[in-house]
Amino acid sequence: MMTDEKMQEYKSLLEEQRESLSKRVQALGKDKTRQGGSISADSSEQAQEIVNDEVIDHLEDIESDRLSNIELAIKRIDENEYGVCMSCGEEISESRLKALPHTAICIKCSP
Ligand SMILES: [Zn+2]
């Protein structure tokens with residue numbers, strides 16, 4: 001079983017990650033909004049901007065996903081369910097939690 005102390009360690013780690021990730025997601029959103037009024041002189045430049053926006057959209061998706069995983073993990077710590085696989089109910093190994101503190105499933109259940 002995981003000790004409360006360990007649990008708190010993971011919690012502060014996750015809270016740090018949540019903090020920096022939400023800043024990144026916000027920054028990505030800002031990057032995109034400038035596109036609204038921009039008129040580029042030549043079309044190749046415009047195409048480049050569209051590509052950039054697609055990349056940012058994609059990044060935003062990935063980071064938002066990670067952010068919700070982290071938030072879920074913090075919630076599971078608060079509910080004392082952290083470290084237990086959501087899928088099979090077995091304990092998640094400590095080495096896995098160290099590598100992926102936000103994970104909610106054990107290595108056997110991971111796709
Ligand atoms: Zn499992």
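**Exercise 1. Compare the protein's radius of gyration with that of a compact globule of 111 residues.**

Solution. Next, look at the box: along the principal axes, the C-alpha atoms fill roughly 60 × 25 × 20 Å.

A word on the numbers: this is a predicted model, where local features need pLDDT of at least 70 and side-chain atom pairs count only at pLDDT 80 or more, while totals for chains, interfaces and linings use all residues. Residues are numbered from 1 along each chain as its sequence is written.

**Exercise 2. Find the largest nonpolar core and say which element gives the most to it.**

Solution. Start with the elements: the pattern is α-α-α, with helices being DSSP runs of H or I, at least four residues, numbered from the N terminus. Now pick the core, a set of buried Ala, Val, Leu, Ile, Met, Phe, Trp, Tyr and Cys residues joined through C-beta atoms within 7 Å; buried means 20 or more other C-beta atoms within 10 Å of a residue's own, placed from the backbone. The largest one has 10 residues, including Y10, L14, A73 and C106. Both α1 (4-33) and α2 give two or more residues to this core, and α2 gives the most, with four.

**Exercise 3. Is N80 buried or exposed?**

Solution. First place N80: the loop between α2 (43-78) and α3 (94-99). Then count: N80 is exposed (12 or fewer C-beta neighbours) because it has 11 inside 10 Å. Finally, check the backbone: N80 has a positive phi of about 65 degrees although it is not a glycine.

Technical notes: Rg over C-alpha atoms; globule rule 2.2 N^0.38 Å.
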